[in-house]
Amino acid sequence: MKHIAIGILAATTMGLMASAASAASTLEAVKAKGFVQCGVNTGLSGFSSPDDKGEWKGLDADFCRAVAAAVFGDGTKVKFTPLSAKERFTALQSGEIDLLSRNTTWTINRDTALGLNFAGVTYYDGQGFMVNAKKLPGVNSALQLSGAAVCVQSGTTTELNLADYFKANKMEYNPVVFEKVEEANAAYDSGRCDAYTTDQSGLYGIRLTLSSPGDHVVLPEIISKEPLGPAVRQGDDQWYHIVKWTYFALLQAEELGITQANVDELKASGGPEVKRVLGQEADTKLGTDLGVSNDWVVNIVKSVGNYGEMFERNVGAGSPLKIARGLNGLWTKGGLQYAPPIR
């Protein structure tokens, strides 16, 4: 029995040591190469798409920059890997990327069978439908789409939700399936499909890229919950915490009124909570305990602003999409965005 107990203790100790080593591995690798490798969409307006100069823009791309700012103090230390829906999880599992920030829905299967950890919900969304109003002038509801050809991306929750919705409503449909979003967009724009389905935020972005955006309408039905957020590999708690608390820091900064314009001023003049969040509290170890510098929140906000600034610039009133905050508002303003205390 003594030998068994010693063996169990040794195995437990070895497991804890292995866990500790794994926990530091991604951060160490990121620091060694000098940048965060971030997986993003191949091109989705408002979330991650390259501009005319090849610079990646969007809410998801800015979140990658926020993580880089937390780790390096410099939001430019990030490289982007554009991935299709089919490629994204393999790229993360294999270590090709350090972080997936690609309008990806948090589900139980992805949390368990795929071995991912989601760090939060950067955008609360839901699946919808878009149609060409000139070609289908009488259609104002998804319930009128029985028999329609519907463009959809493969390897997505969108594809599964589409099947569930039509089955539940005893309707027939013809799925026209594509691996890449660009292929689906082109097929829908050419009239190959009667309708297009994806996250509603995506539909607003895709509509802007069509040959006649004004001809297309997004139908009112939301047929699913699509909590979109960044994901990392399981088994690396420290990296998971850095990504998760980067998200919370963006929310906390907005709640406290910390912006790109005033962050330096508030380091000196802010109240106790503001100074604590910005790493100005005496003898603070909040940042170093996380594995970054104590002014990590300052670096994040200087790089991309707070969550509200990111939202408005990329998908909100200051963007071509002009999406209302809605569920993505702070909890203090009737939304779902809520961060635990940084203390």
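This is a predicted model: local features need pLDDT of at least 70, side-chain atom pairs count only at pLDDT 80 or more; totals for chains, interfaces and linings use all residues.

Q: Thanks! At what angle do helix α2 and helix α8 pack?
A: Helix α2 (residues 59-72) and helix α8 (residues 237-255) pack at about 110°, and their axes are 10 Å apart. That angle lies within 65 to 115 degrees, so α2 and α8 are roughly perpendicular to each other. Their crossing is right-handed.

Q: Which residues of α2 and α8 meet?
A: An α-helix has 3.6 residues a turn, so residues three or four places apart point the same way. In this structure, α2 brings Phe63, Ala66, Val67, Ala70 and Val71 to the contact. From α8 come Trp239, Ile242, Val243, Thr246, Tyr247 and Leu250.

Q: How does α2 pack with helix α13?
A: Helix α13 covers residues 307-314, and the angle between α2 and α13 is about 145°, with the axes 9 Å apart. This crossing is right-handed. Leu59, Asp62 and Phe63 of α2 meet Met310, Phe311, Arg313 and Asn314 of α13.

Q: Let us turn to rings. How many aromatic pairs are found in the whole structure?
A: In general, a pair of aromatic rings is described by the distance of the centres and the angle of the planes. The search of the whole structure gives 13 aromatic pairs. One of them joins Trp106 and Phe118, with 5.6 Å from centre to centre and 10° between the planes, and it is stacked.

Q: Where in the chain do Trp106 and Phe118 lie?
A: Trp106 is in the loop between β5 (99-100) and α4 (108-112), while Phe118 belongs to strand β6 (residues 116-118). They are 12 residues apart, and the pair links distant parts of the chain. Trp106 is partly exposed, with a relative accessible area of 33%. Phe118 has 2% relative accessibility, so Phe118 counts as buried.

Q: What kind of pair do Phe129 and Phe166 form?
A: Their ring centres are 6.3 Å apart and the planes stand at 70°, so this pair is edge-to-face. Because Phe129 lies in strand β8 and Phe166 in helix α5 (residues 157-168), the pair ties together parts 37 residues apart in sequence. Both Phe129 and Phe166 are buried.

Q: Which residues do ring pairs link into a cluster?
A: Phe47, Tyr123, Tyr307 and Phe311 make up that cluster. Elsewhere, the charged end of Lys79 sits over the ring of Phe35, at 4.3 Å from its centre.

Q: How should I read burial? Which residues of helix α7 are buried?
A: A residue counts as buried under 20% relative accessible area. In α7 (residues 200-209), Gln200, Ser201, Gly202, Leu203, Gly205 and Ile206 are buried. Their cover includes β7 (123-125), β8 (127-132), α6 (181-189), β11 (195-199) and β12 (216-218).

Q: To finish with the backbone, what is the phi of Asn103?
A: Phi of Asn103 is near 25°, which is a positive value in a residue other than glycine. Asn103 is in the loop between β5 and α4, and this residue is buried at 13% relative accessible area.

Q: Where is Asp283 found?
A: Asp283 is in the loop between α10 (272-277) and α11 (286-290). Its phi is positive too, about 60°, although Asp283 is not a glycine. At 75% relative accessibility, Asp283 counts as exposed.

Technical notes
Residues are numbered from 1 along each chain as its sequence is written. Side-chain values use heavy atoms; hydrogens and water are left out. Buried means under 20% relative accessible area, exposed over 50%, partly exposed in between (1.4 Å probe, protein chains only). Helices (H or I, at least four residues) and strands (E, at least two) are DSSP runs, numbered from the N terminus. Contact means heavy atoms within 4.5 Å. Rings of Phe, Tyr and Trp (its six-membered ring) pair if their centres lie within 6.5 Å; planes under 30 degrees apart count as stacked, over 60 as edge-to-face and the rest as tilted. A charge sits over a ring if NZ of Lys or CZ of Arg is within 6 Å of the ring centre and within 35 degrees of the ring normal. Axes are lines fitted to C-alpha atoms, for helices over the stretch in contact, and angles run from 0 to 180 degrees between N-to-C directions. Angles under 35 degrees count as roughly parallel, over 145 as roughly antiparallel, 65 to 115 as roughly perpendicular and the rest as oblique. A crossing is left-handed if the near helix is turned anticlockwise from the far one by less than a right angle, and right-handed if clockwise.
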